[in-house]
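Hi,

Here is the model I promised to pass on. Have a look at it first, and then read my notes below.

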Amino acid sequence: MIDLSKKNILTDNLTTLEETSYDKTNSQYMTHSNFEVVHFDKVKEKYIFKKTGIPSKNLRSNDALVILNDGKEPKFIFIEFKNGNLSTNHEHEKIRSKINESLWILNDILDETLSFDKNNINYILVYNKEKNNNYALKT
């Protein structure tokens with residue numbers, strides 16, 4: 001069983017879902033929820049700096065991580081906010097890259113494997129429907 005109290009890199013980066021949804025380009029929040037989440041972009045930055053001693057510029061990460069802990073094995077949900085157009089293959093690749101690299105980081109933090117991921121981690125993509133009205137994301 002995972003002891004989250006010993007995973008300071010996660011617990012030290014708690015914030016609100018609203019904060020993780022902020023789009024700097026358009027200066028707007030995609031949600032105003034005060035639900036507590038882990039700011040996973042900050043986790044990535046601290047994780048890479050701890051491992052390498054230099055800031056991370058190459059790895060991508062999801063915006064938020066929800067931890068659902070009912071006293072048994074915790075469940076995790078990654079959340080990525082996209083306020084732009086998602087119709088290009090380049091955007092699809094960036095999203096896939098964020099998923100893969102976030103899983104790699106979380107697995108190392110938790111000392112888990114891909115087998116753990118299949119049963120314990122989900123993913124939510126929140127996107128701006130107005131900017132993607134005639135488009136269905138294909139993964």
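Helices (H or I, at least four residues) and strands (E, at least two) are DSSP runs, numbered from the N terminus. Keep in mind that this is a predicted model, where local features need pLDDT of at least 70, side-chain atom pairs count only at pLDDT 80 or more, and totals for chains, interfaces and linings use all residues. Residues are numbered from 1 along each chain as its sequence is written, and side-chain values use heavy atoms, with hydrogens and water left out.

The sheet

Strand β1 (residues 14-16) and strand β4 (residues 36-39) run antiparallel and are joined by three bridges. In that pairing, L14 sits opposite V38 of β4. On to the next pair: β4 and strand β5 (residues 64-68) are also antiparallel, with two bridges between them, and here V38 faces L65 in β5. As a reminder, strands of a sheet pair through backbone hydrogen bonds, either parallel or antiparallel.

Put together, you get an open sheet of five strands in the order β1-β4-β5-β6-β7, with mixed pairing. At the edges are β1 and β7 (121-127), each of which pairs on one side only. On average, neighbouring strands of this sheet are turned by 40° against each other, ignoring direction. For these angles, axes are lines fitted to C-alpha atoms (for helices over the stretch in contact), and angles run from 0 to 180 degrees between N-to-C directions.

Helices on the sheet

Which strands does α3 touch as it packs on the sheet? They are β4, β5 and β6 (75-82), and the direction of α3 makes about 35° with that of β4. Contact here means heavy atoms within 4.5 Å. Helix α4 lies across β5, β6 and β7, and runs at about 150° to β6.

A quick check on α3: at 1.5 Å a residue, its 13 residues should span 18 Å, and the end C-alpha atoms are 18 Å apart, which agrees. (The expected span is 1.5 Å times one less than the number of residues.) The buried residues of α3 are F40, V43, K44, Y47 and I48. They cover an arc of only 125° around the axis, so they are on the same side of α3; the arc is that of the directions from the helix axis to the C-beta atoms. Buried means under 20% relative accessible area, exposed over 50%, and partly exposed in between (1.4 Å probe, protein chains only). The cover over the buried residues of α3 includes α1 (8-11), β4, β5, β6 and α4. Just after α3, G53 has a positive phi of about 80°.

Since Y47 lies in helix α3 (residues 40-52) and W104 in helix α4 (residues 89-110), the pair ties together parts that are 57 residues apart in sequence. Y47 is buried at 7% relative accessibility, whereas W104 is partly exposed, with a relative accessible area of 47%.

Is N62 buried or exposed? At 0% relative accessibility, N62 counts as buried, although its place is in the loop between α3 and β5. Not counting residues up to four places away in sequence, N62 touches F40, D41, F78, I79, E80, K98, I99, S102 and Y123.

S27 is in the loop between β2 (22-23) and β3 (28-29) and is exposed at 52% relative accessibility. D111 belongs to the loop between α4 and α5 (114-120) and is exposed too, at 68%.

Finally, Y29 lies in strand β3 and is partly exposed at 34% relative accessibility. Leaving aside neighbours within four places in sequence, Y29 contacts E18, E19, S21 and Y22. Y29 and E18 are 11 residues apart in sequence and 6.4 Å apart in space, C-alpha to C-alpha.

Cheers

Notes
Two strands pair if DSSP finds at least two bridges between them.
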